[in-house]
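Please work through the following exercises with the sequence and the model at hand. Each task is followed by a solution in steps.

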Amino acid sequence: MDVTAAACPEDLVRAVRGAGVRDERLLQAVRSTPRAGFVPAEHVAHAYEDVPIPIAHGQVTTQPSLSAMMIEGLELTGRERVLEVGSGLGYQTALLARLAAGVIGVDLWPDLVRAARRNLARQGIRNAEVLVGDGGQGVPDRAPYDAVIVSAAFPTVPAPLVEQLRLGGRLVQPIGTGGREEVVLFERTVIGLEPRQVLTLARFVRLHGRYGYPS
């Protein structure tokens, strides 16, 4: 069977819906965002399977249904400024950009950032910017953010990300050492960052940098 011809974004919509995601705006974003445009050429045949895909530097893309569960937890309405830590090749960035007013993505590796920028430009996405940097330090000169999504695991939420999240803002991060994590939804309150819900259990790569593991 010709997998590339048979598969399409609608296959991912079904997988995301099957994972329990009900946000129709998010499902439409998955439908209108061709994941094949955000994976390495050698993995295009698997773009519409609900699986992680290897990319450079020992990283992997987030499984689409897992990414959708994390995004749904942010409860985006279209007015938010979002910080994304770990943009990879830009697929999750694209989904966020279709749901929020603007997205600032950050990734450690310049080659991944260049690829993400190209991928987003090819899809005509103009309200997302991907920068090279240490994700755990956030992007303070663009703060505050209404929502933060972290696509790498660490036992605690980096302090700069808490500081850059506005009061009442939501943050989703896998909490653990890398391998089997609780994906936790937090809200910033007057007394700090408060856990609200464990969205799911999942396996993530580790967060690297000053507020993560040594690179």
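The exercises below proceed from the whole chain to single residues.

The model is predicted: local features need pLDDT of at least 70, side-chain atom pairs count only at pLDDT 80 or more, and totals for chains, interfaces and linings use all residues. Residues are numbered from 1 along each chain as its sequence is written, and side-chain values use heavy atoms, with hydrogens and water left out.

**Exercise 1. The fold as a whole**

Determine how many helices and strands the protein chain has, and in which order they run.

Step 1. Helices (H or I, at least four residues) and strands (E, at least two) are taken as DSSP runs, numbered from the N terminus. The protein chain has 7 helices and 7 strands.

Step 2. Read from the N terminus, the order is α-α-α-α-β-α-β-α-β-β-α-β-β-β.

Step 3. The radius of gyration, taken over C-alpha atoms, is 16 Å, close to the 17 Å of the globule rule (2.2 Å times the number of residues to the power 0.38) for 215 residues, so the protein chain is as compact as a globular protein of that length.

Step 4. Contact means heavy atoms within 4.5 Å. Among contacts in the protein chain between residues at least 6 apart in sequence, 53% join residues at least 24 apart.

**Exercise 2. Helix 4 and its end**

Step 1. Buried means under 20% relative accessible area, exposed over 50%, and partly exposed in between (1.4 Å probe, protein chains only).

Step 2. After helix 4 comes E75, with a positive phi near 55°.

**Exercise 3. The surroundings of R170**

Identify which backbone oxygen lies 2.7 Å from a polar atom of the side chain of R170.

Step 1. R170 belongs to strand 5 (residues 165-175).

Step 2. The oxygen in question is that of G73.

Step 3. With neighbours within four places in sequence set aside, the contacts of R170 include G73, L74 and E75, as well as D146, L185 and F186.

**Exercise 4. The setting of E10**

State which side chain is joined to that of E10 by a polar contact of 2.9 Å.

Step 1. E10 is located in helix 2 (residues 9-18) and is partly exposed, at a relative accessible area of 28%.

Step 2. A polar contact is a pair of N or O atoms within 3.5 Å; within protein, one must be able to donate a hydrogen and the other to accept it, and residues adjacent in sequence count only if both atoms are side-chain atoms. The partner of E10 is R31.
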